[in-house]
Amino acid sequence: MRIIHIEDFFHPHAGYQINILPKYMVKQGHEVYIVTSKMERIPDKLTNFFGKKEIDKADKDYMEKTGVKIIRLPILNYVSGRAIFTNYLFQLVDALYPDILYVHGNDTLTGIRYILKVDKLNYPIITDSHMLEMASVNPLNKVFRLFYKTYITPKIIKHKIKVIRTQNDDYVEKYLGIPLSQSPLISVGSDTMLFHPDKNIRHKFRKEYKISENDFVVIYAGKLDESKGGKILAKAFLKKINNSRNKNVILIVVGNTVGEYGKQVEAIFSKSENRIIRFRTQKYTDLSKFYQAADLAVFPKQCSLSFYDVQACGLPVIAEDNNINIDRLSHNNGFTFKSDNVDDFRRKIKLLIEMDKDQYNKISHNALKYIQNNFDYQNITKQYLDLIENEVRLFRVKK
């Protein structure tokens with residue numbers, strides 16, 4: 001099949017669903033395109049994290065390694081997290097003669113435009129939702145939800161468009177009125193071709209950075225802004241983490257700081273009584289060695305796609321106690337801490353450090369099996385392709 005993905009923002013060095021799913025689809029024999037925006041009008045807050053220099057080279061490398069074809073189109077603007085494409089987008093996609101179109105983000109402007117013209121298309125469409133209630137913080141969100149429920153949802157229901165939920169959350173039904181019967185859950189997961197335990201890499205990394213096997217290494221990889229709890233992380237490692245097992249606690253931070261908030265985070269890090277090893281933001285494909293060298297991964301605020309990758313490397317996780325993390329960590333694969341509570345965050349970190357080896361290994365094993373059994377992109381891709389093949393079959397019957 002020829003499968004076209006439309007994504008407002010795509011960077012080859014990122015580790016989002018759009019980076020992983022298409023390459024697995026190619027691996028299973030399909031022709032796959034990613035249609036996305038050119039970088040010129042993408043806000044700095046997005047490009048600062050991944051960088052936009054040499055994007056053509058990055059695209060070329062990604063295409064050569066994965067077999068996925070990337071097409072970048074100019075956009076009129078990028079407003080409130082949404083790209084505004086010209087009408088040429090529709091002409092281009094039509095000219096590609098897709099078997100199916102996958103528009104990422106049912107609530108993007110592009111998603112809405114395609115939903116509104118669905119009865120004029122010569123191919124079926126599916127879309128998805130990555131939105132969670134905790135992340136829906138736009139001051140106009142109530143107005144948007146009312147608009148969507150009034151004008152867009154009826155089209156979705158009438159034409160039976162699938163809106164795939166990528167998280168076990170009822171946001172689309174609760175706030176947009178889309179029935180869960182049309183919103184199957186297919187979770188994001190981990191690229192296990194990249195992320196898995198590797199003792200040799202662990203030993204090599206620790207030797208390079210003078211980390212002993214007895215040291216307890218905590219890893220955080222991601223943004224260090226307020227939404228992800230940069231200061232919570234820094235404060236948790238401000239005072240020395242003493243423990244009865246006499247382990248030195250080392251924090252590895254992979255990520256950049258920006259702006260005034262970032263300066264405050266850096267100021268706290270500079271006073272830490274624990275050893276902190278810093279790395280700039282890395283390509284997604286280069287992250288595995290950091291996880292493979294660590295003993296524990298932490299997420300001080302919200303939730304992260306990196307959860308699946310660190311667990312695929314056998315790492316227990318400590319994360320704040322929101323509904324998503326509580327569900328993810330209900331398999332004896334880690335712990336949650338009270339939201340915004342630095343003392344409880346430190347207590348849970350210390351709990352992992354103090355564990356005897358057998359108990360720790362059990363949690364590590366549970367983390368690994370949790371991903372292998374439920375969130376391996378090999379299996380996730382099959383779920384997507386089963387759904388896609390069914391949608392294509394139903395569309396052809398109707399035609």
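Me: Why is leucine 46 called buried?
Reply: In this predicted model, leucine 46 has a relative accessibility of 18%. Buried means under 20%, so leucine 46 counts as buried.

Me: Where is leucine 46 found, and which residues does leucine 46 touch beyond four places in sequence?
Reply: Leucine 46 is found in helix α2. Leaving out residues up to four places away in sequence, leucine 46 touches Phe9 and Tyr78. Leucine 46 and glycine 81 are 35 residues apart in sequence, and their C-alpha atoms are 9.5 Å apart in space.

Me: What makes glutamate 54 exposed rather than buried?
Reply: The relative accessibility of glutamate 54 is 62%. Exposed means over 50%, so glutamate 54 counts as exposed. Glutamate 54 lies in the loop between α2 (44-50) and α3 (55-66).

Me: Where is lysine 160 found, and is lysine 160 buried or exposed?
Reply: Lysine 160 is found in the loop between α6 and β8 (163-165). With a relative accessibility of 60% against the cut-off of over 50%, lysine 160 counts as exposed.

Me: How do you know that cysteine 303 and cysteine 313 are too far apart for a bond?
Reply: A disulfide needs two cysteine sulfur atoms within 2.5 Å. The sulfur of cysteine 303 is 19 Å from the closest cysteine sulfur, which belongs to cysteine 313, and is therefore too far for a bond. The structure holds zero disulfides.

Me: Are these cysteines buried or exposed?
Reply: Cysteine 303, at 12% relative accessibility, counts as buried. Cysteine 313 is buried as well, with a relative accessible area of 7%.

Me: What makes helix α5 largely enclosed?
Reply: Helix α5 (residues 109-116) has eight residues, and six of them are buried, so this helix is largely enclosed by the rest of the structure. The buried residues are Thr110, Gly111, Ile112, Arg113, Tyr114 and Ile115. Their cover includes the strands β1 (2-6), β5 (82-85), β6 (100-103) and β7 (125-129), together with the helices α4 (88-95) and α6 (141-158).

Me: Which residues touch the most other members of the largest nonpolar core?
Reply: Within that core of 85 residues, they are Tyr291 and Ile349. Helix α16 (residues 377-398) gives the most to this core, with seven residues. Apart from this core lies another, of 41 residues, including Leu46, Ile75, Val118 and Leu176.

Me: What is isoleucine 349 in contact with, leaving aside neighbours within four places in sequence?
Reply: The contacts of isoleucine 349 are Val218, Phe237, Ile241, Leu296, Val298 and Ile318.

Me: How many residues line the second largest pocket, and which lie nearest its centre?
Reply: The lining has 24 residues, and Arg202, Asp295, Tyr360, Asn361 and Ser364 lie nearest the centre. About 660 Å³ of space lies in this pocket. Elements that give two or more residues to the lining are α8 (199-208), α14 (342-354) and α15 (357-374), and α15 provides the largest share, five residues. By class, the lining holds 10 nonpolar, four polar and 10 charged residues.

Definitions and conventions
Residues numbered from 1 in each chain as written. Predicted model: local features only at pLDDT ≥ 70, side-chain atom pairs only at ≥ 80, totals over all residues. Heavy atoms only, no water. Buried < 20%, exposed > 50% of the residue type's maximum accessible area, 1.4 Å probe, protein only. Core = buried A, V, L, I, M, F, W, Y, C linked by side-chain atoms within 4.5 Å. Contact = heavy atoms within 4.5 Å. 1 Å grid on protein atoms, 1.4 Å probe; cavity = no way out; pocket = protein on both sides within 12 Å on 5 of 7 lines; lining within 4 Å. Points joined across faces, edges and corners; volume = space filled by probe spheres on them. Nonpolar A, V, L, I, M, F, W, Y, C, P; charged D, E, K, R; others polar.
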